[in-house]
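This report describes the ligand site of one model and a helix that contributes to the text below. The structure comes first.

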Amino acid sequence: MPDHELVTIERFILRQEKLHGGATGELSDLLYDIALAAKVIARQVRAAGLIDVLGAAGNRNVQGEDQQKLDVIANDAFKDTVGNGGRVVVMVSEEDDGPVQATNAEPGKYVLLYDPLDGSSNIDVNVSIGTIFSIHRRVSSKGPGTMEDCLQAGRKQVAAGYVLYGPSTMLVYTAGHGVHAFTLDPNIGEFLLTREDLRIPARGKYYSINESYWTSWVDGGYRKVVDAFKGVTGKGEERNARYIGSLVADFHRNMLTGGVFMYPAEAKAPKGKLRLLYESAPLAFVAEQAGGAATDGSKPILDIVPRSLHERSPLVIGSKDDVEFITRTLASGH
Ligand code: P6P
């Protein structure tokens with residue numbers, strides 16, 4: 001690629017499609033639709049402080065959480081783009097109780113599972129928030145999307161990624177051939193390639209965990225892990241602490257600098273807080289494609305076969321050596 005070529009996400013996706021024979025272009029079109037939804041959401045997030053989109057929408061989602069107005073707008077943005085785009089047969093959103101069938105006459109062959117706006121509690125304090133998405137191929141042969149289409153192990157994902165609405169808006173995705181990052185130029189309305197084949201450092205600078213749950217972690221091994229990262233239990237594993245409280249922001253920083261994010265099971269969240277299908281599994285696919293790792297504390301996230309749409313899982317994700325250190329420490333007993 002010439003030094004100063006402007007590569008839009010559309011051009012990059014097309015190039016990738018040509019590199020991997022047999023592509024019909026439908027996945028490319030679905031990724032465009034997701035990029036369009038991200039631009040719509042970015043516009044609303046940018047304006048959040050100026051127009052009346054702050055604060056709760058006055059109702060609660062399936063998670064029992066107050067829906068923020070931007071949550072609702074972001075969810076609708078996906079339905080208005082992807083839902084009508086003809087690439088998917090069914091969609092699963094953190095904001096909807098059950099699967100939502102595609103609305104167009106000829107449904108596509110893909111399944112989209114997404115968290116339209118993760119970290120939405122940070123909206124009103126102007127902290128970065130994100131979108132997370134996961135794409136599977138349907139397993140049913142025809143007709144409406146089925147629960148079997150939705151409940152597939154992360155290892156079967158066709159593509160996955162996230163959008164970070166921060167100082168700049170970035171879209172990061174993998175389609176199984178490396179991880180690629182794009183930054184939105186709002187002046188031209190294009191996502192431009194800024195990092196090709198992003199690799200996460202094997203050993204991190206940071207550890208990210210909410211230490212206020214110290215006494216309520218179900219697996220006390222996490223206390224040994226954090227003590228090691230603080231240098232309490234001897235030298236050699238010290239790290240710096242960074243915890244934003246917005247999964248996509250914490251994950252993206254760790255992707256670039258190296259680091260590990262942990263959300264263990266704790267007394268009030270015995271299966272962990274984060275959702276498997278549209279948070280842990282897509283980020284795990286990205287992490288592994290970038291040379292990192294992701295487990296539930298013991299086994300790879302991507303090997304977990306989900307049993308329900310909004311199933312939660314503990315999450316340890318980031319630099320490979322750090323995830324392995326944590327897995328060893330948890331397995332060593334305490
Ligand atoms: P806690 C935001 O609500 C979120 O789902 C993730 O974005 C974030 O990593 C996590 O919850 C923070 O949870 O319990 O530390 O406030």
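## Ligand site

Around the ligand stand Asp118, Gly119, Asn210, Tyr213, Tyr243, Gly245, Ser246, Leu247, Phe261, Tyr263, Lys273 and Leu274, each with a heavy atom within 4 Å of it. The model is predicted, with local features requiring pLDDT of at least 70 and side-chain atom pairs pLDDT 80 or more, while totals for chains, interfaces and linings use all residues. Residues are numbered from 1 along each chain as its sequence is written, and side-chain values use heavy atoms, without hydrogens and water.

By class, this shell holds six nonpolar, four polar and two charged residues; Ala, Val, Leu, Ile, Met, Phe, Trp, Tyr, Cys and Pro count as nonpolar, Asp, Glu, Lys and Arg as charged, and the others, Gly among them, as polar.

| Residue | Distance to a ligand oxygen |
|---|---|
| Asp118 | 2.5 Å |
| Asn210 | 2.8 Å |
| Tyr243 | 2.5 Å |

On its own the ligand has 400 Å² of accessible area, of which the protein covers 84% (Shrake-Rupley method, 1.4 Å probe).

## Helix H6

H6, a DSSP run of H or I with at least four residues, spans residues 247–257; nine of its eleven residues are buried, so the helix is largely enclosed by the rest of the structure. Buried means under 20% relative accessible area (1.4 Å probe, protein chains only). The buried residues include Leu247, Asp250, His252 and Arg253. Leu247 also belongs to the ligand shell. After H6 comes Gly258, with a positive phi near 90°.

Terms used:
Polar contact = N/O pair within 3.5 Å; in protein donor to acceptor, adjacent residues only side chain to side chain. Buried < 20%, exposed > 50% of the residue type's maximum accessible area, 1.4 Å probe, protein only. Helix = DSSP H or I, 4+ residues; strand = E, 2+ residues; numbered from the N terminus.
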